[in-house]
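Reader: I'm new to this one. Can you walk me through it?

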Amino acid sequence: MLVFLDESGDTGLKLNAGSSQYFIVVMIVFEDHDEAQAADDRLTLLRRELGKSADFEFHFTENADRVRQAFFDAVVPYNFFYFGFVIDKAKLYGSEFHFKESFYKYVCGLIFENAKPHLDNAIVKIDGSGDREFRRQLETYLKKRINDRASIHRIEGQ
């Protein structure tokens, strides 16, 4: 099982000084490694078809409608499921949310808690999750919180 985790927005709480209003985390789950590889291969081909570089990322807000539609058309044939979590940061209170790492771990914990019944021997790949020490701390945090009924094999940064 392969699990990919990515976020949109930022963990900052200075909403009037440039921080995003929302922090969004999405988890994509492929039960089959070959299916994940096939989807990845298709996205590599799509980049070429669209004349994009090999390292081009499909960011929803930055892409034209035709690119978004091409992305969705490309991935819809593949077998995966997803979980998403959206936080309106204007509604947060409590001092623990003022620490970037704690906030990020908390939100990841929520999404993994919801996905727990569906995870088995998962390899988790997290995009943009900080340095090696933070990834180690996040892995420990998630394994303690999740591994009683689900299994996270390992966590990798991308």
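Reader: What pattern does the chain follow, read along the sequence?
Author: This is a predicted model. Read along the sequence, its pattern is β-β-α-α-β-α-β-α-β. That comes to four helices and five strands.

Reader: What does the C-alpha trace span along its principal axes?
Author: About 45 × 40 × 25 Å. The radius of gyration is 17 Å; a compact globule with 158 residues would be near 15 Å, which agrees.

Reader: And how much of the chain counts as buried?
Author: 34% of the 158 residues. The accessible surface is about 9700 Å², and carbon and sulfur atoms hold 49% of that.

Reader: What share of the contacts with a separation of 6 or more is between residues 24 or more positions apart?
Author: Such pairs make up 70% of them.

Reader: Let's switch to helix α2. Which of its residues are buried?
Author: Helix α2 covers residues 65-75, and its buried residues are Val67, Ala70, Ala74 and Val75. Seen down the axis of α2, they fall within an arc of 120°, so they line one face of the helix.

Reader: Why would residues three or four places apart point the same way?
Author: An α-helix has 3.6 residues a turn, so residues at that spacing point the same way.

Reader: What do the buried residues of α2 pack against?
Author: They pack against α1, residues 33-49.

Reader: New topic: rings. How many aromatic pairs are there?
Author: The count is eight. Phe4 and Phe30 form an edge-to-face pair, with 6.2 Å centre to centre and 85° between the planes.

Reader: Where do Phe4 and Phe30 lie?
Author: Phe4 is in strand β1 (residues 2-8) and Phe30 is in strand β2 (residues 22-30), so the pair ties together parts 26 residues apart in sequence.

Reader: Is Phe30 buried or exposed?
Author: Phe30 is buried, at 7% relative accessible area. Phe4 is partly exposed, at 25%.

Reader: Which aromatic pair does Phe30 form with Phe80?
Author: A tilted one: 5.4 Å centre to centre, with 40° between the planes. Phe80 lies in the loop between α2 and β3 (81-88) and Phe30 in strand β2, so this pair ties together parts 50 residues apart in sequence. Phe80 is partly exposed, with a relative accessible area of 27%.

Reader: Which residues form an aromatic cluster?
Author: Phe56, Phe58, Phe71 and Phe72 form one. Over the face of Phe56 lies Lys52, 5.1 Å from the ring centre.

Reader: What sits over the ring of Phe60?
Author: The charged end of Arg68 does, 4.3 Å from the ring's centre.

Conventions. Residues are numbered from 1 along each chain as its sequence is written. This is a predicted model: local features need pLDDT of at least 70, side-chain atom pairs count only at pLDDT 80 or more; totals for chains, interfaces and linings use all residues. Side-chain values use heavy atoms; hydrogens and water are left out. Buried means under 20% relative accessible area, exposed over 50%, partly exposed in between (1.4 Å probe, protein chains only). Helices (H or I, at least four residues) and strands (E, at least two) are DSSP runs, numbered from the N terminus. The arc is that of the directions from the helix axis to the C-beta atoms. Contact means heavy atoms within 4.5 Å. Rings of Phe, Tyr and Trp (its six-membered ring) pair if their centres lie within 6.5 Å; planes under 30 degrees apart count as stacked, over 60 as edge-to-face and the rest as tilted. A charge sits over a ring if NZ of Lys or CZ of Arg is within 6 Å of the ring centre and within 35 degrees of the ring normal. The radius of gyration is taken over C-alpha atoms; the globule rule is 2.2 Å times the number of residues to the power 0.38. Accessible areas come from the Shrake-Rupley method with a 1.4 Å probe; for residues, only the protein chains shown count as cover.
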